[in-house]
Structures are given as structure tokens and as C-alpha cells.
Amino acid sequence: MKKLRLVKTSVKKAAQRLFHCPVVIITLANGEVIKRGCGRSGMSEFDACLRCLYCGNYLYKKSPSLESMWFHFRWAREFWKVHNTHGRDFVNGVPVTGNAETLPYPCLPDLAESKPPRWFPYFLKYSDREFREYMLNFKTG
């Protein structure tokens, strides 16, 4: 039978890798108020974001890899729900300015691909108008 052995670890080293989890309050279209973040020091680094170990909140890094951005973009699109109320567009209950569906119809089949398509970096970089112009040239070229 093995004996258990207690080992002390430095709490300061673990605390240096954790970041502050900001509190953000959002009001939805139906008047519901949603609070994200807990305000504690629990944000830990992952591939494309910082994620809170306490509440699950996440913040994307400034320059994640293209593959990582494509993965998160595809994952987020699975929960993308657009509706229009009183002439205003909402995505998952959150009001948006402009067009709620920013992805052109010919790009939708590419969401099943595991590798980012050729148009994805331009989608990230361009505005909606510039990206639609790029897609018109992309089809002819």
C-alpha cells in the first residue's frame, strides 16, 4: 500500500498566470439583462483566448492563428440565430447595427470544412462592402 505525500506549491507562481475577469452587462431585445464575467482573477490562457476558470467567460487574444479563428468562427455559427423585430436585426437576442447576416450565401457550404478557405482572411480584414466586392471578383477570377 502506497502512502500519500503532501507537497507544498507556491501560490504566487500560479497567480501570476491568471488574469482579471472583467464584468460586462448586456441588455437583450426582450429587456433581459445578462451579466458576463465574475470579476475574480481566474482568466487563464488558451489557444485563441483567455478563459475564466470560475465562470467560463472568454476574451479573444489580439492576434490568434488563422486556424484557431476559423475553428471558433465555425463553432459560433452553429449557435447563430438571427431575427428581426420592429425593423431591427438581433443576433441571439442582442441588437446589431447593419445587416445581421454578414456571410454571403456562397460561403455557407465552406463552414463544413476543417481548414480555413481562401476567402476567410479577407472576411476578417475587409468591411462588409469590401468583402462582398471581393467575393464578386473571387467568383469570376
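**Stop 1: the nonpolar core**

Select Trp-70, Phe-73, Leu-103, Cys-107, Trp-119, Phe-120, Phe-123, Phe-131, Tyr-134 and Met-135. These 10 residues make up the largest nonpolar core. Keep in mind that this is a predicted model. Now colour helix H2 (66-77), helix H3 (120-125) and H4. Each of these elements gives two or more residues to the core. H4 gives the most, with 3 residues.

**Stop 2: Met-135**

Go to helix H4, which covers residues 128-140, and pick out Met-135. Is Met-135 buried or exposed? Its relative accessible area is 8%, below the 20% cut-off, so Met-135 counts as buried. Show the contacts next. Leaving aside residues up to four places away in sequence, Met-135 touches Pro-104, Cys-107 and Trp-119. Draw a distance from Met-135 to Pro-104. The two lie 31 residues apart along the chain, and their C-alpha atoms are separated by 8.3 Å.

**Stop 3: the aromatic rings**

Stay with the core and show the rings. The structure holds 13 aromatic pairs. Select Trp-119 and Phe-123 as one example. Their ring centres are 6.1 Å apart and their planes stand at 85°, so this pair is edge-to-face. Both Trp-119 and Phe-123 are buried.

Now widen the selection. Which residues form one aromatic cluster? They are Trp-70, Phe-73, Trp-119, Phe-120, Tyr-122, Phe-123, Tyr-126, Phe-131 and Tyr-134.

Click Phe-73, a member of this cluster. Not counting residues up to four places away in sequence, Phe-73 touches Leu-103, Leu-111, Phe-120 and Phe-123.

**Stop 4: helix H2**

Select H2 on its own. This helix has 12 residues. From its first C-alpha to its last, H2 reaches 16 Å, close to the 16 Å expected at 1.5 Å a residue. Which residues of H2 are buried? Highlight Ser-68, Trp-70, His-72, Phe-73 and Arg-77. Then bring back the surroundings. The cover over these buried residues includes S6 and H3.

**Stop 5: the sheet of 4 strands**

Follow S6 into its sheet. This open sheet has 4 strands in the order S1-S4-S5-S6, and the pairing is antiparallel. Look at the edges: strand S1 (19-20) and strand S6 (58-60) each have a single partner strand, so one side of each is left without a neighbour in the sheet.

Zoom in on S1 and strand S4, residues 41-45. The two pair in the antiparallel sense over 2 bridges.

**Stop 6: two charges over rings**

Show the side chains of Arg-36 and Tyr-58. The charged end of Arg-36 sits over the ring of Tyr-58, 4.7 Å from the ring centre. Then select Arg-40 and Tyr-54. Here the charged end of Arg-40 sits over the Tyr-54 ring, 3.8 Å from its centre.

**Stop 7: the sheet of 3 strands**

Move on to another open sheet. Its 3 strands run in the order S7-S8-S9, with antiparallel pairing. Strand S7 (82-85) and strand S9 (94-95) are the edge strands, and each pairs on one side only.

Select S7 together with strand S8, residues 88-91. Their antiparallel pairing spans 4 bridges. Finish on a single bridge. Which residue in S8 is the partner of His-83? Pick Phe-90.

Definitions and conventions:
Residues are numbered from 1 along each chain as its sequence is written. This is a predicted model: local features need pLDDT of at least 70, side-chain atom pairs count only at pLDDT 80 or more; totals for chains, interfaces and linings use all residues. Side-chain values use heavy atoms; hydrogens and water are left out. Two strands pair if DSSP finds at least two bridges between them. Buried means under 20% relative accessible area, exposed over 50%, partly exposed in between (1.4 Å probe, protein chains only). Contact means heavy atoms within 4.5 Å. A nonpolar core is a set of buried Ala, Val, Leu, Ile, Met, Phe, Trp, Tyr and Cys residues joined through side-chain atoms within 4.5 Å. Rings of Phe, Tyr and Trp (its six-membered ring) pair if their centres lie within 6.5 Å; planes under 30 degrees apart count as stacked, over 60 as edge-to-face and the rest as tilted. A charge sits over a ring if NZ of Lys or CZ of Arg is within 6 Å of the ring centre and within 35 degrees of the ring normal. The expected span of a helix is 1.5 Å times one less than its number of residues.
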